[in-house]
Amino acid sequence: MVDTLITGFMHGNAYAIVALGMSLIFGVSNVANFAHAAVFGMGMMIAWWLGSVLGLGIVPTIILVALITGLIGLLLNTLVISPLQNRPSVAALLATIGVGMILDNTSQMIFGTETRSFPELLPSHNIEFLGVRIGTSDIVMLLLTVAIMASMAAFLKYGKMGQAIRATAQDTQAAKQVGIPVKRIQNISFVIASAFAGVAGIFVGMFNSNVSPTSGSSVGMTAFIAATIGGLGSMPGAVVGGLTLGIVEALGVYAFGDGAHDLITFGALIIILLVRPNGLFGKKQVLHEPMTGSFSGGAKPYRIPRWLGPILIVAALVAPFLATDYFSSVGIQIMIYAMAAMGLTMVSGSAGQVALGQAGPIALGAYTSAILVGQLHASFLVGVLCGGLVAAIFSSIITFPVWKLSGHYIAIATIGVGSITVALIRVFEPITKGSLGITGIPFPQLFGFTLFTPQLQYVLVLTFLLIELLVITKIRKSHLGKTIESIGNDPVASESIGIRTSAYKALAFAIAAFFAGIAGALMAHQYTYIDPSMFPFATSSLVLTIAVLGGLSSPVGTILGAIVLVGAPELLRFMSGGRIIVYGVLLILIIIFRPQGLFAKKE
C-alpha cells in the first residue's frame with residue numbers, strides 16, 4: 001500500500017506541473033487549452049530524442065525542451081488564439097482541439113508510433129524509502145514542483161510582470177485601460193505554461209521508463225482533468241487537483257485493476273464538479289455563460305432547391321451500384337459519421353452548448369445492438385432501435401446533473417461522461433467481453449434477407465440517414481426547436497422568461513445521443529467486430545469537427561463535412577498518414593475564416 005501511495009503521489013506531482021500551466025493560461029486568456037496535453041506529449045518525445053539520439057544530459061535537455069515547447073506555446077497563442085480574441089470562448093476551445101490533433105499526429109509522424117525506452121537522464125529506483133525504491137529523478141521532480149510553485153507565487157505577487165498577469169486574469173478590459181500590454185502578457189503566459197508542460201514530460205518519461213507519442217496525450221488529458229478538479233484558473237487548485245487525482249488513481253487501480261483507470265479518473269472529475277461546480281478552488285461564474293451561444297455569428301443553412309433534392313437522393317442511391325465495393329464501404333463510413341454528427345446541430349448548433357462526448361453514445365449503440373442481435377438473437381431493426389434508445393436513456397441519466405454546471409465545465413464534463421461510458425463497457429467483461437471485444441456480429445437482416453454486400457448495406461444506411469435528416473429538420477422548425485435555439489442565442493433572456501435551459505439542453509443531448517447510438521449500431525453490423533479501443537476521445541473530436549465544418553446550423557452540412565473529413569482521406573490513401581493533421585488544420589481554418597461552416601451563410 002505504501003508503494004501505491006508513493007507512486008500516486010509521484011504521478012500526481014507530474015500532473016500538478018502540467019495543470020499549473022493549464023490554469024495559468026485559463027486565468028489570463030479564459031481559454032480551456034486542450035492542446036496543452038499535446039504540448040506535454042511533444043516535450044516528452046523531444047526529450048527522448050535529445051537523450052537517446054544526441055546523448056545530452058539532464059540540464060541541457062531541460063533547457064532545450066523548455067525552449068522548444070515554450071516556442072510552441074507562443075506560436076499557438078499568436079497564430080490561433082489571438083485571432084479569436086473577440087469571438088465567444090467556444091471558438092478558442094475548438095481551435096485548441098484542432099491544434100492538439102496537429103501536434104499529436106505530427107509527433108507520431110516524426111518519432112513513429114512504437115514504444116521505446118526513455119533514457120536514464122537521472123538514476124531511478126536507486127533509493128529505498130519505507131521499503132519502497134524510488135529514484136533520484138523522482139526527488140528532483142518533487143523539488144522542481146516545489147520550486148515552480150514557490151517561484152510562481154513570488155513572481156505573481158511581487159514581480160511587475162507577475163502583477164500584470166494577475167491584473168489581466170482578473171479583468172482584461174480594465175488591464176488594457178491602465179496600460180497593461182495584454183497581448184504580450186498572454187504570450188508570456190502561454191510560453192511559461194507550455195515550458196512547464198514540456199519539462200513535466202521529461203520527468204514523466206523517466207518515471208514511466210517507456211514512452212510513445214500516443215502515451216503523452218493520455219497523461220496530458222489526465223492533467224487537464226486535475227486542473228479542472230482543482231478549479232480552472234487557480235494555481236493552488238492545480239497543485240491540489242494534481243496530487244489528489246494521482247493518489248486516487250493509484251488507489252483505484254490497486255483495488256480494481258488497470259481496466260478501471262479511466263472510470264476512476266473521469267468519475268472523480270464528475271463527482272467533484274457535482275459537489276463543487278467550479279472545482280475545489282475555482283471562482284463562481286455568475287456573470288455570463290461563456291461556453292454557450294454559437295461562434296458562427298447567427299448563420300443560417302443554405303436551402304436546397306426542391307427540384308434538386310430528389311436528384312441528389314437518386315444519385316446517392318445509384319452511385320454504389322456503379323462503383324466498387326470499396327467505394328460503397330467508404331460511403332457507409334461517411335453516412336455513419338454524418339448521422340453521429342447531425343444530432344450536434346441540436347446541441348452545439350441550436351442550444352449553443354459544446355458537447356465532446358459523442359463517442360459514448362456511439363459505443364452504447366454499437367454494443368447494445370451487437371449483444372441483442374448477435375447473442376440474444378433479436379431482429380436487426382429491434383437491435384438498432386434499442387441501440388439508439390439505450391444510448392439516449394443512459395446518456396440522459398448520466399449527464400442530467402451535468403447541465404446544472406456552468407461555463408467550460410459543461411463541455412469538459414461531457415468528455416468525462418463519454419469516457420466513463422466507454423470505461424464501463426470495458427469493465428463489464430461478462431456482458432461486453434471487455435477489451436477483447438465482441439466478434440461475429442451478424443450482417444443486417446431484413447425480412448429474412450441478409451444484406452451481405454456493401455451496396456445493400458449502403459442503401460440501408462442511406463435510408464437511416466435520410467430519416468434522421470427529416471426528423472432533425474422537422475424538430476428544428478418546430479416550437480421545440482425554436483425554444484432550444486433561443487437558449488443558444490441568449491441563455492440569460494431565456495431563463496428570465498421561464499425557460500428551463502438545463503432541461504432543454506438535456507433534451508437536445510438526448511436526441512443527439514439517440515441518433516449517435518443508431519449510427520454506432522450500424523457501424524457494429526458493418527464491421528462485425530467492436531472493442532472499446534474503437535471509441536476514443538478522438539472519435540468525439542472527429543464528430544464535432546464534422547459538424548463544425550459542415551455548419552453547426554446545418555443538418556445537411558454534416559453530410560458535406562463527413563464527405564470532406566471521412567471520405568476524402570479514405571479515397572486518397574496517400575493522405576492517410578496525416579489524416580488527423582488535416583482534420584485539425586481544417587477545424588482551425590474553418591473557425592477563423594468561415595465560422596458558419598461550408599453549408600451555411602451569415603445573415
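Reader: How much area do domain 1 and domain 2 bury between them?
Author: The protein is divided into domain 1 (2–257) and domain 2 (294–602), with bounds that come from an automatic or database domain assignment. Buried area is the accessible area, found with a 1.4 Å probe, that two parts lose on being put together, summed over both. For these two domains, 84% of that area is on carbon and sulfur atoms, and the total is about 2200 Å².

Reader: What kind of model is this?
Author: Residues are numbered from 1 along each chain as its sequence is written, and side-chain values use heavy atoms, with hydrogens and water left out. Local features need pLDDT of at least 70, side-chain atom pairs count only at pLDDT 80 or more, and totals for chains, interfaces and linings use all residues, the whole being a predicted model.

Reader: How many residues does each domain give to the contact?
Author: The C-alpha centres of domain 1 and domain 2 lie 32 Å apart. Contact means heavy atoms within 4.5 Å, and by that rule domain 1 gives 28 residues, while domain 2 gives 26 residues.

Reader: How many residues of α9 are buried?
Author: Helices are DSSP runs of H or I with at least four residues, and strands are runs of E with at least two, numbered from the N terminus. Helix α9 (residues 213–230) reaches 27 Å from its first C-alpha to its last, close to the expected 26 Å, where the expected span is 1.5 Å times one less than the number of residues. A residue is buried under 20% relative accessible area, exposed over 50% and partly exposed in between, using a 1.4 Å probe and protein chains only. By this rule α9 is mostly covered, and of its 18 residues the buried ones number 14.

Reader: Why is α17 described as largely enclosed by the rest of the structure?
Author: Helix α17 (residues 408–427) has end C-alpha atoms 29 Å apart, which agrees with the 28 Å that its 20 residues should span. The helix is described as largely enclosed because, of its 20 residues, the number buried is 17.

Reader: Are the rings of F34 and F537 stacked or edge-to-face?
Author: A search of the whole structure finds six aromatic pairs, where rings of Phe, Tyr and Trp (its six-membered ring) pair if their centres lie within 6.5 Å, with planes under 30 degrees apart counting as stacked, over 60 as edge-to-face and the rest as tilted. The rings of F34 and F537 have centres 6.4 Å apart and planes at 15 degrees, so this pair is stacked.

Reader: How far apart in sequence are the parts that F34 and F537 tie together?
Author: F34 is buried at 7% relative accessibility, whereas F537 is partly exposed at 27%, and together with F224 they form one aromatic cluster. F34 lies in the loop between α1 (2–29) and α2 (36–52), and F537 lies in helix α23 (residues 537–550), so the distance along the sequence between the parts they tie together is 503 residues.

Reader: Which ring does the charged end of R116 sit over?
Author: A charge sits over a ring if NZ of Lys or CZ of Arg is within 6 Å of the ring centre and within 35 degrees of the ring normal. The charged end of R116 is 4.5 Å from the centre of its ring, and that ring belongs to W48.

Reader: Is F447 buried or exposed?
Author: Most residues other than glycine have a negative phi. Yet phi of F447 is near 55 degrees, a positive value, and its place is in the loop between β7 (445–446) and β8 (449–450). Its relative accessibility is 85%, so F447 counts as exposed.

Reader: What is the phi of K433, which is not a glycine?
Author: K433 lies in the loop between α18 (429–432) and β6 (438–439), where it counts as partly exposed at 41% relative accessibility. Its phi is positive, at about 70 degrees.

Reader: Which residues does L84 touch, not counting those up to four places away in sequence?
Author: L84 is placed in the loop between α3 (58–81) and α4 (89–111), and with 3% relative accessibility it counts as buried. Its contacts, with that exclusion, are A91, A92, A95, I591 and I592.
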